[in-house]
Structure formats: C-alpha cells, structure tokens
Amino acid sequence: MGMKAGDVVPESCDCCGHDAEDCGMLENGWVSDAQFLAGGGVYCRACAHLLRLVRLEEECVWCDEPMVEEEAAEARGWVYYADEFGSLHPCCPACLARRFGITARVSLGRDG
Ligand SMILES: [Zn+2]
Ligand SMILES: [Zn+2]
C-alpha cells in the first residue's frame, strides 16, 4: 500500500470496517475524529454521517434560510440534498419546489 506524504489514507473505516478503497475514502475522503473518540477514529463519509460526526449545515444550501430544529424541519418539508460527493445539505421546502419542482415530500434519501 503506497502512501503519499501529507496525505495519509487510513487503512479502513473504524465503523463499517471496510477497506478505505471499498468504502470510498480514496475518492470521497474521510472524516477523522479526535473530538469524540480519545484515540481518534477514521470513518468513511457514509459512516460519519450515520454517526452524526459530520456537523451538517443548518441553513438552506440555496437561500440561506435558517433551518429549524431537525425534527420540526422534516415535518415542514425540509430535505437533505446530497451533492456529488455524498455530502448532505439542507434544502428548504421553498427551494425544493423552486429548483426541483418537487412539492414538499419528506425524504431522507436512503441508499438501497
Ligand atoms: Zn464506514
Ligand atoms: Zn431555501
């Protein structure tokens, strides 16, 4: 396994245990976390999201409308919009309708 100086790819995800390659760390990056785990953990993005290690933005990615508290937000039709890297950004119902022609339908996209 080769390593580039300054760009040390972890061997595997500490959560799902998959090799860095298998869980997309090489392409998508990873989250290393020394705040929550004493020894520091390294997680693929999917796990980091599941573990809520990644602090999600709290404003609509399009119009900067501040997101209300998460459960209330869902009830109001806020959704998370996943970009090409799999990062999730909140999207308010107004922008959802405006940009995607979707009327608020609560969905927290799940990979099948
Ligand atoms: Zn993982
Ligand atoms: Zn918006």
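The legends below describe an overview and two close-up views of a predicted model.

**Figure 1. Overall architecture of the chain.** The chain holds four helices and four strands, where helices (H or I, at least four residues) and strands (E, at least two) are DSSP runs numbered from the N terminus. Read from the N terminus on, these elements follow the order α-β-β-α-α-β-β-α. Of the 112 residues in the chain, 29% are buried, with buried meaning under 20% relative accessible area, exposed over 50% and partly exposed in between (1.4 Å probe, protein chains only).

Figure 2. Glu27 lies in helix H1 (residues 25-28) and counts as exposed because its relative accessibility is 64%.

**Figure 3. A nonpolar surface patch around Val61, Trp62 and Phe100.** Together these residues make a patch of about 230 Å², with areas taken from the Shrake-Rupley method with a 1.4 Å probe. Trp62 is located in the loop between helix H2 (45-50) and helix H3 (70-75), and its 30% relative accessibility is why Trp62 counts as partly exposed.

Residues are numbered from 1 along each chain as its sequence is written, and chains are lettered from A and ligands numbered from 1 in the order in which they are written. In this predicted model local features need pLDDT of at least 70, side-chain atom pairs count only at pLDDT 80 or more, and totals for chains, interfaces and linings use all residues, while side-chain values use heavy atoms, leaving out hydrogens and water.

Conventions:
Patches are made of residues with over 30% relative accessible area and no salt bridge: like charges are joined within 9 Å, nonpolar side chains (Val, Leu, Ile, Met, Phe, Trp, Tyr) within 5 Å. A salt bridge is a side-chain nitrogen of Lys or Arg within 4 Å of a carboxyl oxygen of Asp or Glu.
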